Amino acid sequence: MSDPCKAEACAIQDCLKQWNYNESRCTKVIDQLYACCTKFYNDNGESARSPCCPTPSLLELKIKQRKQEQLDAQLVHKRR
């Protein structure tokens, strides 16, 4: 079976390269991958695996964090 989310995963890599690995510039394509992976697990079950998708529990956590934090994938640095 070919990976249905490969195009979205590749789009993230292309975006990161284009923007010098600034994740905040690539949030739209990251969200597209997460949407694809959600559909993948809904269609194939949580035991399905994809090299392009985080495991279902990690995917759920990532989506929840993105909704709660609204950081737009920016890095937060703590003072030491």
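The following questions and answers go through a predicted model of a single chain.

Colleague: What share of the residues in the chain is buried?

Modeller: A residue counts as buried when its relative accessible area is under 20%. The chain has 80 residues, and the buried share of them is 30%.

Colleague: How many disulfides does a search of the whole structure find?

Modeller: A disulfide is a covalent bond between the sulfur atoms of two cysteines. In the model, a pair of cysteine sulfur atoms has to lie within 2.5 Å to count. Searching the whole structure on that basis gives three.

Colleague: Which cysteine is joined to Cys5 by a disulfide?

Modeller: The sulfur of Cys5 has a partner sulfur at 2.1 Å, in Cys36. The pair links distant parts of the chain: Cys5 is in the segment before helix H1 (6-18), while its partner is in helix H2 (residues 27-44), 31 residues apart. The torsion about the S-S bond is -95°, and the link is left-handed. The cysteine joined to Cys5 is Cys36.

Colleague: Are these two cysteines, Cys5 and Cys36, buried or exposed?

Modeller: The limit for buried is under 20% relative accessible area. Cys5 has a value of 0%, and Cys36 has a value of 15%. Both values are under the limit, so Cys5 and Cys36 are buried.

Colleague: Where in the chain are Cys15 and Cys26, which a disulfide joins?

Modeller: The sulfur atoms of Cys15 and Cys26 are 2.1 Å apart, and a disulfide joins them. This pair links distant parts of the chain, with its two residues 11 apart. Both cysteines are buried. Cys15 is in helix H1, and Cys26 is in the loop between H1 and H2.

Colleague: Why is the disulfide of Cys15 and Cys26 called left-handed?

Modeller: The handedness is read from the torsion about the S-S bond. For Cys15 and Cys26 the disulfide is left-handed because that torsion is about -95°.

Colleague: What is the torsion about the S-S bond of Cys37 and Cys53?

Modeller: Cys37 and Cys53 form a disulfide with their sulfur atoms 2.1 Å apart. The pair links distant parts of the chain, from Cys37 in helix H2 to Cys53 in the loop between H2 and helix H3 (56-69), 16 residues apart. Cys37 is buried at 0% relative accessible area, and Cys53 is buried at 9%. The disulfide is left-handed, as its torsion is about -85°.

Colleague: What pattern do the disulfides of the chain follow?

Modeller: The bonded cysteines are counted along the chain. Cys5 pairs with Cys36, Cys15 with Cys26, and Cys37 with Cys53. Written with the counted numbers, the pattern is 1-4, 2-3, 5-6.

Colleague: Which cysteine holds the closest sulfur to that of Cys52?

Modeller: Cys52 counts as buried, at 18% relative accessibility. The closest cysteine sulfur to that of Cys52 is 6.4 Å away, too far for a bond. The cysteine that holds this sulfur is Cys53.

Colleague: What kind of aromatic pair do Phe40 and Tyr41 form?

Modeller: The structure holds one aromatic pair. In the pair of Phe40 and Tyr41, the ring centres are 5.1 Å apart and the planes are at 65°. Planes over 60 degrees apart count as edge-to-face, so the kind of pair is edge-to-face.

Colleague: Which residues is Arg49 in contact with, leaving aside its neighbours within four places in sequence?

Modeller: Arg49 is found in the loop between H2 and H3, and is exposed at 52% relative accessible area. A polar atom of the Arg49 side chain lies 2.8 Å from the backbone oxygen of Glu46, but Glu46 falls within the places left aside. The contacts that remain are with Phe40, Tyr41, Thr55 and Pro56.

Conventions. Residues are numbered from 1 along each chain as its sequence is written. This is a predicted model: local features need pLDDT of at least 70, side-chain atom pairs count only at pLDDT 80 or more; totals for chains, interfaces and linings use all residues. Side-chain values use heavy atoms; hydrogens and water are left out. Helices (H or I, at least four residues) and strands (E, at least two) are DSSP runs, numbered from the N terminus. Buried means under 20% relative accessible area, exposed over 50%, partly exposed in between (1.4 Å probe, protein chains only). Rings of Phe, Tyr and Trp (its six-membered ring) pair if their centres lie within 6.5 Å; planes under 30 degrees apart count as stacked, over 60 as edge-to-face and the rest as tilted. Contact means heavy atoms within 4.5 Å. A polar contact is a pair of N or O atoms within 3.5 Å; within protein, one must be able to donate a hydrogen and the other to accept it, and residues adjacent in sequence count only if both atoms are side-chain atoms.
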